[in-house]
Structures are given as structure tokens and as C-alpha cells.
Amino acid sequence: MQTLRTESEASGLPPCVLVPTMGALHEGHLALIRLGVREARRRGLPGGCVVSIFVNPAQFNDPADFERYPRALEADLRACESQGAIAVFAPAAEEVYPPRRPAPQPKVPPVGREPGLEDRGRPGHFEGVCRVLMRLFEMVPCRGAVFGEKDWQQLQLARALVAQERLDVDIIAGPTVREADGLAMSSRNAHLSPAGRERALAIHRALAAAQGHETPRAAEAAMREVLLAAPVERIDYAAVRHAETLMPLDEGELAHARARALITAYVDGTRLLDNAPWREPRPAPGN
Ligand code: AMP
């Protein structure tokens, strides 16, 4: 497996599937890499699966969060190799954002600025995500890119961004990988104390509690109740939304549109997010 550091090394790769990450890889990332390997093979892409590891300063609205973000490059390289990645692209910040060449700042598509979810909780975050994705897609000749359902709004944003910018990149979604007790894997779980980790399980329980309700309002109240009982320190949102636009469902959509329950809450000062499908859509009349 190759380790690449510069734009010119990356742009020399054959067409591939890219798995963008910020490193500190866990089983969730590894599942995405395996998916990337399979998808590259299925699409006949000679470049196979390439993993990028870059802790993107542009998407951290809190400098302290950027500083304390876990980093583990040596272990990450071994993990990528073990899953069959052909190359890891681990650029320095100056490579992604050359000081003398302003990086393109694409307009953030509506799903990244209108729902009032991550866009409200982390101002500027999706500007940074769009910026780094444009640069990664510019540097790495990928025809597909794998994103985790764990970051559901980011996944929808990536889809909207490639459509808006007319990029020839398929966005491939990988399911959320969980610990045996249901906690969604996250590099940030490393910050949780044993007691905090127990309280964090309420997020998964709250998503399950949302299922038994007929309206988003009732489901949202049920999620809050479970979270407050834990208790978590703060709830950024506990919402049921349209699965693609992430906007509130209107009356007409309620019965038939795909919907998603989404939670972001703080435990031990750590911002944790998770989501799940909300009810199965029923077929529209006449279908
Ligand atoms: P990150 O390194 O946190 O930026 O995440 C890189 C990619 O891994 C993103 O597409 C995330 O959605 C995805 N990811 C993070 N955690 C999980 C998980 N538990 N299961 C599946 N994908 C995940």
C-alpha cells in the first residue's frame, strides 16, 4: 500500500473509489473501506479503494475541538492496508489549502444550510466540509466516494454538492456500525468516561423510542424524554425530518416520504450524533 502526501502524487492515481476520513479509524471506517474496495472492483476501477486521512481545520468551528481531535496515523495506515486499500492520501494542510492559491468555496447546497440541524449547531462546519470535498475530488481522480450514514446530513450534503457542481462522482452510502450495545462508533467516543458512555446509550434508545409514534411531534417528544432521563448534558436537536431534504415533513409527505430520526446531544462535553430511519414508508396510493 502506498502512502501519498502531495497533490501531484494523488492526482497520478488511476480512477478509484475514495473514502474520505479524519483518521483515528475505528470499525465504522473499516467497514466503509471494505465497501469502497468492493465498489471499486464492481465498477472495474483500476485504482481500487483510496482512503484520505485529513483532520480538516476548515470544518471545526471550535479550535479546541480541532486540537483535541484524536490522531493515530501509524495505526491508521496499518488498518487501511489490512482492509485492502491501495493507497492512503494523508496530505498536510498546506497541500489541501495552498497559501498562495485560494481554495474554491462552493456554495453550500440547501440541505447544508436550511434544516437547522448540524448547520445550526456547528456554524461554518458545512462550508468547511464542502471546501475540503471539492479539494479532495479535485486532487484524487475518484469516480465514487463512500460516506457513512452516521453523518446523515453530511451524506445528503455530499450528494447535493456533486449534483450542484456536476461532478462525475457517485456518492456511496455505508450503514452505521455500532458497538454491541448499540452506541454508534465514533472517534469521539474515546473522550467518554465509563459513566458517560452508559449515559450515551440513551441516544440509541431514544431513536428506538421514536419508532412507536404516529407524528414527528410525538416521536420528538419521546426522544427528548429518553435523553433527559439519562440524563445527557444538552440536546442540540432530536428531530424527525424528510430523509433527503432534512426539512420538516409536511402533511402530504407524512404518510409516504422517507423520514429520518436524528439526534445530537452532549455527554461528558462531547458532541455525539446518531440517526435512524423513522418508520418504513408506506407505498403511495396507486403504487
Ligand atoms: P470522520 O473520520 O468522522 O470524518 O468520518 C469519516 C467517514 O466515516 C464519514 O463518512 C462518517 O460518516 C463515517 N463514519 C463515522 N462513524 C461511522 C460509523 N460508526 N459507521 C459508519 N460510518 C461511520
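Strand β2 (residues 16-21) and strand β3 (residues 49-53) pair in the parallel sense over five bridges. Strands pair if DSSP finds at least two bridges between them. This is a predicted model: local features need pLDDT of at least 70, side-chain atom pairs count only at pLDDT 80 or more, and totals for chains, interfaces and linings use all residues. Residues are numbered from 1 along each chain as its sequence is written, and side-chain values use heavy atoms, without hydrogens or water.

**Sheet**
- Six strands make an open, parallel sheet in the order β1-β4-β3-β2-β5-β6. Strands (E, at least two residues) and helices (H or I, at least four) are DSSP runs, numbered from the N terminus.
- β1 (2-4) and β6 (170-174) are the edge strands, each pairing on one side only.
- Thr 21 has Ile 53 of β3 as its bridge partner.

**Helices on the sheet**
- Helix α4 (residues 73-82) packs on the sheet and touches β1, β3 and β4 (87-89). Contact means heavy atoms within 4.5 Å.
- The direction of α4 makes about 170° with that of β3. Angles run from 0 to 180 degrees between N-to-C directions; axes are lines fitted to C-alpha atoms, for helices over the stretch in contact.
- Helix α8 (residues 152-164) lies across β5 (142-148) and β6, at about 170° to β6.

**Helix pair**
- Helix α9 (residues 194-209) and helix α10 (residues 216-229) pack at about 155°, with axes 8 Å apart.
- That makes α9 roughly antiparallel (over 145 degrees) to α10.
- Ala 202, Ile 203, Arg 205, Ala 206, Leu 207 and Ala 209 of α9 meet Ala 222, Met 223, Val 226 and Leu 227 of α10.

How values were computed: Angles under 35 degrees count as roughly parallel, over 145 as roughly antiparallel, 65 to 115 as roughly perpendicular and the rest as oblique.
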